[in-house]
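Hi,

Here is the model I said I would pass on. Have a look at it first, and my notes follow below.

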Amino acid sequence: MRHIRATVDGEATEFLCDEGSTLLDALRDSLQKTGTKEGCGTGDCGACSVIFDGRLVCACLVLAAEAEGATVETVEGISKEGVLHPLQRHFLEDAALQCGICTPGFLVAAKNLLERNVDPSEEEVRFWLAGNLCRCTGYDKIIRAVLNTAAELRGESS
Amino acid sequence: MEYHSARTAEEAIELLTETGMDTRALAGGTDLLAQIRSGRVRPQRVVDLKKIPEFHSIEESESGFQIGASVSGAEIGEHPSLRAHWPGLVEAAELIGSTQIQGRASLGGNVCNASPAADTVPALIAASAICSVIGPGGRREVPVEEIVTGPGQTSLKLGEIVAHFRLSRRLKNSGDAYLRLIPRSEMDIAVVGAGVALTLDEDDLCVACRVGLGAVAPTALLVSEASNALLGRAVNDASLADLEEAARAAARPIDDKRGTRDYRIRVAGVLARRAATLAMKRARGLDK
């Protein structure tokens, strides 16, 4: 077992992990942050998307031990003091989810995009989110929710 | 499984060299961790290289670029000077996987995972990339086309790792390009990949050319017959037709779910020709 110190969702955090376990295992099993979902476990579906030292990654393709000293942001840190992030609000308003398993990954990935580019084209949104799979919605409503959030963040009515 | 994060190259080599241990070097992990999960590999020890400064930095100098083996695709894509000098190589690195994969996947991993369809290898071959390999016997320089020897196989000896890739600066009137075909628009493995780098002289004749082909043989190929088709000639329909034929002749692919042997041979010619045309436009400054 290894003792890891990291900053997770803004809080200094410590946990123990098996050296072969993934960051996804640590988040869900050691830290009970089950908002981050396991889909494929092989980096194909994006359900476990988190921000790792500022980069969007699949938590299933990062070893828990690699998180020593790192900053990790999950879906659970997106809302602040009980107030939904505009992306979360638009996902609800635009019905951009059905079963909800892919939603945390989409929220984390879309937030990372909008922090880099608050005025993405539809094509840019689709390419950025190509690593997040949804088997329910057909994607259109998700793309619309992201574009509507971007418009709101730019101060335009949506 | 033991996890070690090496702080220096010497530490990494020592950890990788210990006999009797099944040890793997870890860069971005996008191949290795998926292979561990599937049970395809069961290492007893993993040595993380990402904290070693030489491995995680891009250095630019008068002589060219030094790209650390664990630098991610996203970092390569965000490097303005690398984009300007080697747009084809940057395109190849950026084609790999999703945004999430781009955040981790590295050049060193893409080469040393030794997939015949690895996107960056034909582009690195075209760009005449040199690998700086370190190991128990010291440091040696190896042309990138000599690293991969077969699917999943490399020429690296016990304890050896690729530390960085060296590229020259872009010469005057030079350009490179990488194109690949996949069955859909994103997120798939190459049916064929073609990288071309070339240089034109004042009379618009081709004076240097390298052609790399991927996914048409057990390893990516350096196709000198294809570059010879352009050397000393204008890049026009006649010379490009010869390049296309030489690329087809060099291809010896397999049939699989992504494409038949005959289809891959044909596509190898078409992509080599299109990549050469794009590289020529870049050499003339007609395309970025």
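Which residue is the bridge partner of A:Phe52 in β5(A)? It is A:Val72. Before the rest, some housekeeping: this is a predicted model, so local features need pLDDT of at least 70 and side-chain atom pairs count only at pLDDT 80 or more, while totals for chains, interfaces and linings use all residues. Residues are numbered from 1 along each chain as its sequence is written, and chains are lettered from A and ligands numbered from 1 in the order in which they are written.

**Chain A**

Strand β3 (residues 49-52) of chain A is joined to strand β5 (residues 71-73) by two bridges, and the two run antiparallel. Strands and helices here are DSSP runs numbered from the N terminus (E, at least two residues, for strands; H or I, at least four, for helices), and two strands pair if DSSP finds at least two bridges between them. β3(A) also runs antiparallel to strand β4 (residues 55-58) of chain A, with four bridges; there A:Val50 has A:Val57 as its bridge partner. The β3(A)-β4(A) hairpin has two residues between the strands, and A:Asp53 takes a positive phi near 50° in it.

As for the side chains of β3(A), A:Ser49 and A:Ile51 point one way, A:Val50 and A:Phe52 the other way, and all are buried. Buried means 20 or more other C-beta atoms within 10 Å of the residue's own, exposed means 12 or fewer, and partly exposed is in between, with C-beta atoms placed from the backbone.

In the loop between β5 and α2 (86-93) of chain A sits A:Glu81, a non-glycine with a positive phi of about 50°. A:Glu81 counts as exposed because it has 4 C-beta neighbours inside 10 Å.

**Chain B**

Contact means C-beta atoms, placed from the backbone, within 7 Å.

B:Asn173 is in the loop between β10 (161-168) and β11 (174-181) of chain B. Its phi is near 55°, positive although B:Asn173 is not a glycine; with 19 C-beta neighbours inside 10 Å, B:Asn173 counts as partly exposed.

Strand β13 (residues 206-214) of chain B is mostly covered, with seven of its nine residues buried.

**The core**

The largest nonpolar core has 144 residues, and B:Leu213 and B:Ala272 have the most contacts inside it. Such a core is a set of buried Ala, Val, Leu, Ile, Met, Phe, Trp, Tyr and Cys residues joined through C-beta atoms within 7 Å. Helix α11 (residues 261-283) of chain B gives the most to this core, with ten residues. Beyond its neighbours within four places in sequence, B:Ala272 is in contact with residues including B:Val211, B:Leu213 and B:Glu244.

**Between the chains**

The contact takes 21 residues from chain A and 19 from chain B.

Cheers

Key. Contact = placed C-beta atoms within 7 Å.
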